[in-house]
Amino acid sequence: MSSMSNVTIGYGALLTALGVGGFAATSAPTALIPAGFGAVAIGLGLLARQEKYRMHVMHASALLGVVGFLGSIRGLSRLPALLSGGDVERPAAVIAQSLMAILSAGYVGLCVRSFVAARRATARP
């Protein structure tokens, strides 16, 4: 079983918890967006446990992480204003988007590291 499949499932679980928690706190339907990404990541992580699908599924999950990061980076750009006590519209959304951006960036970094390691392993004689 691939450790990256487990990391993907963990990433999905964190995003799901973020979305459900955000929805519980705000009752805003858009707060569930991270949960949608999380559900897809969990599904991809489970599918990646099958050797025949692993390479393609892990590339798709890395793309999901990139899309998650790009979609949430707006909140991350507003985080300094929120932390310095500035007036920020929808502070809960800024926090949730920032967390999603950080989680997604870290996940993509782990994916890239895994891809490089896999490439090096196959390049050895």
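This is a predicted model: local features need pLDDT of at least 70, side-chain atom pairs count only at pLDDT 80 or more; totals for chains, interfaces and linings use all residues.
Modeller: Local features need pLDDT of at least 70 and side-chain atom pairs 80 or more, while totals for chains, interfaces and linings use all residues. Residues are numbered from 1 along each chain as its sequence is written, and side-chain values use heavy atoms, without hydrogens and water.

Biologist: How many helices and strands does the protein have?

Modeller: Four helices and zero strands. Helices are DSSP runs of H or I with at least four residues, strands are E runs of at least two, and both are numbered from the N terminus.

Biologist: Why is Leu-70 called exposed?

Modeller: Its relative accessible area is 57%. Exposed means over 50%, buried under 20%, and partly exposed in between, with a 1.4 Å probe and protein chains only. Leu-70 is therefore exposed. Leu-70 lies in helix H3, residues 54-83.

Biologist: How do you know that H4 is close to its expected span?

Modeller: The expected span is 1.5 Å times one less than the number of residues. H4 has 33 residues and reaches 48 Å from first C-alpha to last, close to the 48 Å expected.

Biologist: What makes the largest nonpolar core?

Modeller: A nonpolar core is a set of buried Ala, Val, Leu, Ile, Met, Phe, Trp, Tyr and Cys residues joined through side-chain atoms within 4.5 Å. The largest has 14 residues, and Tyr-11 and Tyr-107 are among those with the most contacts inside it. Helices H1, H2, H3 and H4 each give two or more residues to this core.
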